[in-house]
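Subject: Structure for you to look at

Hi,

Here is the structure I promised to hand over. Please open it next to this email. My notes follow below.

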Amino acid sequence: MSNVERVFREMIREELARTQGVPVAHSLSAKAVGAAVRAEAARVGKHHSELAEVLGVSRPTITGRLSGAYEFKQAELENIADLLGITPYNIIESAGLGQRFHSESPDPSEVARVFARDIWAQPARARRRSR
């Protein structure tokens, strides 16, 4: 990629983040980005070894990146997006959505209501003991 193209892409990224409220990659956790890459690869039917081959890294390295142990570099996300037929923006957007859903904690009273159990209730197949 030429220097001009790199600068142009960076300008577009900054403009999208400023005007449309696009989640910025730096505010996302490595785990959320890894989960988004796994999900997008699964949708297209690509295996981890294919991702590793495109990036030129070993299988343990790609596994570490997909699990969130290590962060993806911007160039790696662009290469993966090219392989999957999407844009890096789609990956970042998916990661932001996933992180938002996993960070929201449910209301404790609602959880208690849904999972309330009658401690005296018997299983459906329970029989009365014979004496």
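Which helices do the buried residues of H3 pack against? They pack against H2, H4 and H5. Keep in mind that this is a predicted model.

Helix H3 first. It spans residues 48–55. Leu51, Ala52 and Leu55 are its buried residues. Viewed down the axis of H3, these fall within an arc of 100°, so they line one face of the helix. Gly56 follows H3, with a positive phi near 75°.

Next, helix H4, residues 59–67. Its buried residues are Ile62, Gly64, Arg65 and Leu66. H2, H3 and H5 are among the elements that cover them. Gly68 comes after H4, and its phi is positive too, near 95°.

Now the charged pairs. Side chains of opposite charge can pair when their charged atoms come close. The count here is 3 salt bridges.

- Glu76 and Arg65: the side chains meet at 2.7 Å, N to O. Glu76 sits in H5 and Arg65 in H4, so the pair ties together parts that are 11 residues apart in sequence. Both Glu76 and Arg65 are buried.
- Arg43 and Glu40: this salt bridge is also 2.7 Å, N to O. Both residues lie in H2, 3 residues apart, which is about one turn of the helix. Is Arg43 buried or exposed? Arg43 counts as exposed, because its relative accessibility is 60% and the cut-off is over 50%. Glu40 has 12%, so it counts as buried.
- Lys46 and Glu50: the closest N and O atoms are 3.9 Å apart. Lys46 is partly exposed, at 27% relative accessibility. Glu50 is partly exposed as well, with a relative accessible area of 30%.

Helix H2 (30–44) and helix H6 (88–103) each supply at least two residues. By type, the lining divides into 5 nonpolar, 6 polar and 3 charged residues.

Arg65 is one of the buried residues of H4, and its side chain meets that of Glu76 in a salt bridge.

Best wishes

How values were computed. Residues are numbered from 1 along each chain as its sequence is written. This is a predicted model: local features need pLDDT of at least 70, side-chain atom pairs count only at pLDDT 80 or more; totals for chains, interfaces and linings use all residues. Side-chain values use heavy atoms; hydrogens and water are left out. Helices (H or I, at least four residues) and strands (E, at least two) are DSSP runs, numbered from the N terminus. Ala, Val, Leu, Ile, Met, Phe, Trp, Tyr, Cys and Pro count as nonpolar, Asp, Glu, Lys and Arg as charged, and the others, Gly among them, as polar. Buried means under 20% relative accessible area, exposed over 50%, partly exposed in between (1.4 Å probe, protein chains only). Contact means heavy atoms within 4.5 Å. The arc is that of the directions from the helix axis to the C-beta atoms. A salt bridge is a side-chain nitrogen of Lys or Arg within 4 Å of a carboxyl oxygen of Asp or Glu.
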